[in-house]
Amino acid sequence: MELLNTLVDKGLRRELPTREEALAVLATSDDELLDVVAAAGKVRRQWFGRRVKLNYLVNLKSGLCPEDCSYCSQRLGSKAEILKYTWLKPDDASKAAAAGVAGGAKRVCLVASGRGPTDKDVDRVSETISAIKEQNEGVEVCACLGLLSDGQAGRLREAGADAYNHNLNTSEATYGDICTTHDFSDRVSTVQQAQAAGMSACSGLIAGMGESDADLIDVVFALRELDPDSVPVNFLIPFEGTPLAKEWNLTPQRALRILAMVRFVCPDIEVRLAGGREVHLRSLQPLALHLVNSIFLGDYLTSEGQAGKDDLAMIADAGFEVEGTDTTTLPEHRRPGCGEAPADEADDAEGASEELAATVAAPSDDTRRDLVSVRRRGAGTELPPNA
């Protein structure tokens, strides 16, 4: 396809595709799917080789959030039967993080429910960051605490936070449809505060909430304009007891096309396959590794992921390798203090479609509620974590 050749050329030059080209990726047919994955895979390998970065979530405070984000099991009014607990002590959080690091995680993501942290909360998280870094040499720590107030980003950076996550989630035009207690600009502002404080910005989206193709393009282009270092792509987990419980809009093929589109728009940015991959990609998860260069290991905030050992086996079986702490994730030209670097020779793509050959299952209209498993282990419980 001429479209794919154009997108590969642009990706190797770090050139932004047009909106029309990005929309065309989402409009490709299932018959063209492997060609799309192969093309985006060339771009992924150009900038990240065959490395996969592992990230591990620690839910510091679960449930009882005052915000009304429709997709969230922790939202105000949620009837989802999730774990609910207040702040973990720094030592308990550090022990939870150590399990992920032992499983191969390079980054620990500290998440707390709520609109945003108080100054006391920032102190508490700062202690947790220190505890984790003291016990795990070389580990990266990303904080995700909601909307930040003046000065809080700087304090987190001084405490040792390497990154801050705050997702845009959906397009600005439709943001009011999923949340009324804050708006799109609040999220943009928090990402910018993190960047100004010297933290690496992590900001992504949630697909599968009933949005249009144009909405997906809008949010990904907005993310590209913000220029985060990492873009997590979440697929909606339709929790029973939330307003979006009946939104089962994704097929594995659709999910792969979304990931390919994000890779073309963000060729040299860490694209992370995040929540919902087991629910929506299912047996096609290994194909996604040709598009993303980062995944979460084990469980998520309030839902269980596949076993950590299965994540590691999937990476190895697909011919990829886990990225070590001695390797810098981003290409040289995106590292702080580095200028432009010439693009290396592109990987030889001959036979790429054959390399990616897989049986693509036909879309199913059946609602697979059995795929959503509420987390009952790890942080906030007496049971060992999944890592």
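This is a predicted model: local features need pLDDT of at least 70, side-chain atom pairs count only at pLDDT 80 or more; totals for chains, interfaces and linings use all residues.

User: How are two packed helices described, and what does the angle say about helix 5 and helix 6?

Analyst: Two packed helices are described by the angle between their axes together with the distance between those axes. The crossing in which helix 5 passes helix 6 is right-handed.

User: Which residues of helix 5 and helix 6 meet?

Analyst: On the side of helix 5 they are D119, V122, D123, V125, S126, I129 and S130, which meet Q152, R155, L156 and A159 in helix 6. Sorted by class, this contact of helix 5 with helix 6 has 5 nonpolar, 3 polar and 3 charged residues.

User: At what angle do helix 2 and helix 9 cross, and which residues meet there?

Analyst: The axes of helix 2 and helix 9 (residues 213-226) cross at roughly 125° and come within 10 Å, so that helix 2 and helix 9 are oblique to each other. Helix 2 passes helix 9 in a right-handed crossing. In helix 2, the residues R19, A22, L23 and L26 meet D213, A214, L216, I217, D218 and F221 in helix 9, and by class this contact has 7 nonpolar, no polar and 3 charged residues.

User: How are helix 2 and helix 10 arranged, parallel or antiparallel?

Analyst: Here the axes of helix 2 and helix 10 (residues 252-265) come within 8 Å and cross at roughly 155°. Angles over 145 degrees count as roughly antiparallel, and this is therefore the description that applies to helix 2 and helix 10. The crossing of helix 2 past helix 10 is right-handed. A22, V25 and L26 of helix 2 make the contact with R254, R257, I258, A260, M261, F264 and V265 of helix 10, a contact that by class has 8 nonpolar, no polar and 2 charged residues.

User: Where are N169 and R282 found, and what is the phi of each?

Analyst: N169 is found in the loop between strand 4 (163-165) and helix 7 (175-178), and although N169 is not a glycine, its phi is positive, at about 75°. With a relative accessible area of 3%, N169 is buried. R282, another residue other than glycine, has a positive phi near 50° and is placed in the loop between helix 11 (277-280) and helix 12 (285-288). At 27% relative accessibility, R282 counts as partly exposed.

User: What does L54 touch, leaving out residues up to four places away in sequence?

Analyst: L54 is found in strand 1 (residues 51-61) and is buried, with a relative accessible area of 0%. With those sequence neighbours left out, L54 touches G103, G104, A105, K106, R107, I295, L297, L312, I315 and V322. As for separation, L54 and G210 are 156 residues apart in sequence and, C-alpha to C-alpha, 29 Å apart in space.

Technical notes. Residues are numbered from 1 along each chain as its sequence is written. Side-chain values use heavy atoms; hydrogens and water are left out. A crossing is left-handed if the near helix is turned anticlockwise from the far one by less than a right angle, and right-handed if clockwise. Helices (H or I, at least four residues) and strands (E, at least two) are DSSP runs, numbered from the N terminus. Contact means heavy atoms within 4.5 Å. Ala, Val, Leu, Ile, Met, Phe, Trp, Tyr, Cys and Pro count as nonpolar, Asp, Glu, Lys and Arg as charged, and the others, Gly among them, as polar. Buried means under 20% relative accessible area, exposed over 50%, partly exposed in between (1.4 Å probe, protein chains only). Axes are lines fitted to C-alpha atoms, for helices over the stretch in contact, and angles run from 0 to 180 degrees between N-to-C directions. Angles under 35 degrees count as roughly parallel, over 145 as roughly antiparallel, 65 to 115 as roughly perpendicular and the rest as oblique.
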